[in-house]
Amino acid sequence: MSEAQPLRQGAADAGDPAVLACTEDAPGVVRLTLQRPDAFNALSERLLDALADALARLSADPAVRVVVIAGAGRAFCAGHDLREMRANPSHDYYRRLFDRCSRVMLAIQRMPQPVIARVHGIATAAGCQLVAMCDLAVAADDARFAVSGVNLGLFCSTPGVALSRNLGRKQAMEMLLTGDMIDASQAQARGLINRAVPVERLDEEVAALAASICAKPPAAVAAGKGLFYRQLEMGIEAAYQLAGQTMACNMMDADALEGVQAFIDKRPPGWRK
């Protein structure tokens, strides 16, 4: 893959260069790179604020089709910044910190663009939560994952919300109770990631996945992503009602009408630009 390029003026403001880089991998594909390599990209307050701001800006940019979250240095993300947490031992501070982190995680799910986690090294605690909250995840085959707070006396409760929505209950509970690492093949088998590839192919695989998404009509992708998460929290009857409404609205979109007509005509569809 060619070297990532800085974004055009305006969208480039979506990063905080000291802790978060914002670049364009390909037209419509934006990469947010956690930039605290000396701390294994731990989620400091500043980094969480930078992520929140970047996700809000990119979410509102119709030129952005896919967002990739990656980590600089030797790891994807080692979770919260424990030194920062230990320096502020108050209940109010911890509530604000975890609320701030939860807002970032929910922003990933609520934005219309699919978000891909590009994982290498370790993804632990809130870093594993970040992987679980992304819509898709591609990892190097030597990556490792854990929700390891219990080893420090702190049960990974907020990561458990994301983990339990990706893995089976007993698999999620085993990770939460033991804090043990799992490798990329186990993470893929359990549903935490989509693909595990040799590290030298990691960018190629992420690029291919992003390109496949970018080839689809953005309105259908955005509607489908929104519906997918809303229906998961519903009973099955309400989920089918919402899905039917979403499909009816989607079918009235010009790209959907063109796609169906192209299928009938046995020709490639001509999507709107």
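Which exposed residues does the face of H6 turned away from its buried side carry? In this predicted model, that face carries Lys170 and Leu177, whereas Ala172, Met175 and Leu176, which also belong to helix H6 (residues 169-178), are buried. Gly179, with a positive phi near 70°, follows H6.

The largest nonpolar core comprises 56 residues, and Val131, Phe145 and Leu192 are those with the most contacts inside it. Helix H1 (residues 45-59) supplies the largest share of this core, namely seven residues. When neighbours within four places in sequence are left aside, Val131 is in contact with Phe76, Ala117, Val119, Ala123, Ala137, Phe145, Leu192 and Ile193. Another core, of 13 residues, lies apart from the largest one and includes Val68, Val138, Val197 and Val221.

A search of the whole structure finds 14 salt bridges. One of them joins Arg31 to Asp203, with the closest N and O atoms 3.0 Å apart; because Arg31 lies in strand S3 (residues 29-34) and Asp203 in helix H8 (residues 202-214), the pair ties together parts that are 172 residues apart in sequence. Arg31 is buried, with a relative accessible area of 11%, while Asp203 is partly exposed, at 26%. Both residues also belong to a network of salt bridges that links Asp25, Arg31, Arg118 and Asp203.

A salt bridge is likewise formed by Asp135 and Lys225, whose closest N and O atoms are 2.8 Å apart. This pair links distant parts of the chain, 90 residues apart, with Asp135 in the loop between helix H4 (126-133) and strand S7 (136-140) and Lys225 in helix H9 (residues 218-232). Both Asp135 and Lys225 are buried. In a further salt bridge, the side chains of Glu258 and Arg267 meet at 2.6 Å, N to O, and Arg267 is partly exposed, with a relative accessible area of 34%.

On the surface, Met251, Leu257, Val260, Phe263 and Ile264 form a nonpolar patch with about 500 Å² of accessible area together. Helix H11 (residues 254-265) gives the most to this patch, with four residues. Ile264 lies in helix H11 and is exposed, with a relative accessible area of 52%.

Note on methods
Residues numbered from 1 in each chain as written. Predicted model: local features only at pLDDT ≥ 70, side-chain atom pairs only at ≥ 80, totals over all residues. Heavy atoms only, no water. Patch = residues over 30% accessible without salt bridge, like charges linked within 9 Å, V, L, I, M, F, W, Y side chains within 5 Å. Areas by Shrake-Rupley, 256 points an atom, 1.4 Å probe, with all protein chains shown as cover. Salt bridge = Lys/Arg side-chain N within 4 Å of Asp/Glu carboxyl O. Helix = DSSP H or I, 4+ residues; strand = E, 2+ residues; numbered from the N terminus. Buried < 20%, exposed > 50% of the residue type's maximum accessible area, 1.4 Å probe, protein only. Core = buried A, V, L, I, M, F, W, Y, C linked by side-chain atoms within 4.5 Å. Contact = heavy atoms within 4.5 Å.
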